[in-house]
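Let me put the thing on the screen and we'll walk through it together.

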Amino acid sequence: MLKRNDVLLVLGILLTVVILYIVRGLVMSGASSDYIEVRLDGKLIAEYSLDEDREEVIYAPDGGYNILTIRDGKVAVKEADCPDKHCVNKGFVSGQNETIICLPNRLVIKLCVDSDKTGITPDVMAQ
Amino acid sequence: MKDKRFRTIAYSGILVAVAFLLSYIEMLIPLPIGIPGVKLGLANLVVFAAIYMIEDKKTVYMIAIVRIILTAITFGNAYSFLFSFAGGMLSLSLMYACQKRCIFGRIGISILGGVGHNVAQIAVAALVLETPELVWYLPTLLIAGTIAGAVIGLVGALVLERVLGQYKGVDKSED
Ligand SMILES: [Zn+2]
């Protein structure tokens, strides 16, 4: 039932996982981020600095919502109406290139450092 | 001949029903991984069994598609439908391709199905959300897919043994 190729397959997957973890470790250094990008459906709708504590409600196009909290240079989704609550369970994050994603509400919060600033700074939220 | 056709129809009905039930159970078990889109892939157990139980490829694809549509209408939304459709189709196609060429045993095929399911889900999510950062979830998804696939392969083998045991030699019972 368990063929030799099955074992090789598992080993191959494990090797891929190890390589990906190493690459991820290199990309996401321990350095903390400066600001966050908030994207809905892939569109950048807001940027918030992590320097000041605040709370924002982000409304998804189909009526869902996520409440995000910025505190002590970290960001978390405090509350959301999505069924899976992955975004809330992720808790506070601050690392470079980290993301909080709420798939049901198509919300992506990406943590960035000042050096990868795009120049777009919309301070008005869509909706 | 006729007997075989009736059996296929009966199997299809049962398999869709079981798959639907598994999709529901899957919903009730939140994965503590904290990654959106990762489902246990319990319903893959049915698809895996269907590959061996039903000879007609089209019927197997239909079972998978009906299951995904039913689940999306009942518990999901347009996006979860897209994710699970991509996941389901890639998973099934991979399993078929490898079964046909006999590259892997049942466990390997099931693992490939589980991994394919998760990779397709995350690929579509990255496209839809225009968030390439989602690839960083791949390692965890690969591990989850491998474990789910292995478990499904083991459980599936037991199920197949029972079901196909009654009709030895009539359906696909090689391997
Ligand atoms: Zn969420």
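This is a predicted model: local features need pLDDT of at least 70, side-chain atom pairs count only at pLDDT 80 or more; totals for chains, interfaces and linings use all residues.

Residues are numbered from 1 along each chain as its sequence is written, chains are lettered from A and ligands numbered from 1 in the order in which they are written, and side-chain values use heavy atoms, with hydrogens and water left out.

So, chain A. You get 2 helices and 7 strands, running α-β-β-β-β-β-α-β-β along the sequence. Those are DSSP runs numbered from the N terminus: helices are H or I with at least four residues, strands are E with at least two. Of its 127 residues, 42% are buried, meaning under 20% relative accessible area with a 1.4 Å probe, protein chains only.

Chain B has 6 helices and 0 strands. There, 54% of the 175 residues are buried. Take contacts (heavy atoms within 4.5 Å) between residues at least 6 apart in sequence: in chain B, 74% of them join residues at least 24 apart, while for chain A that figure is 42%.

Now the helix pair. Helix α1 of chain A, residues 4-27, packs on α6 of chain B, residues 138-165, at about 160°, with the axes 8 Å apart. The axes are lines fitted to C-alpha atoms over the stretch in contact, and angles run from 0 to 180 degrees between N-to-C directions. α1(A) and α6(B) are therefore roughly antiparallel, the label for angles over 145 degrees.

Who's touching? From α1(A) it's A:Ile13, A:Thr16, A:Val17, A:Leu20 and A:Tyr21; the α6(B) side includes B:Leu138, B:Pro139 and B:Ile143. By class, that contact has 8 nonpolar, 3 polar and no charged residues. Nonpolar here is Ala, Val, Leu, Ile, Met, Phe, Trp, Tyr, Cys and Pro; charged is Asp, Glu, Lys and Arg; the others, Gly among them, are polar.

Which residues of α1(A) are buried? A:Asp6, A:Leu9, A:Ile13, A:Val17, A:Leu20 and A:Arg24. An α-helix has 3.6 residues a turn, so residues three or four places apart point the same way. What covers the buried residues of α1(A) includes α5 (106-128) and α6 of chain B.

Technical notes:
Angles under 35 degrees count as roughly parallel, over 145 as roughly antiparallel, 65 to 115 as roughly perpendicular and the rest as oblique. Buried means under 20% relative accessible area, exposed over 50%, partly exposed in between (1.4 Å probe, protein chains only).
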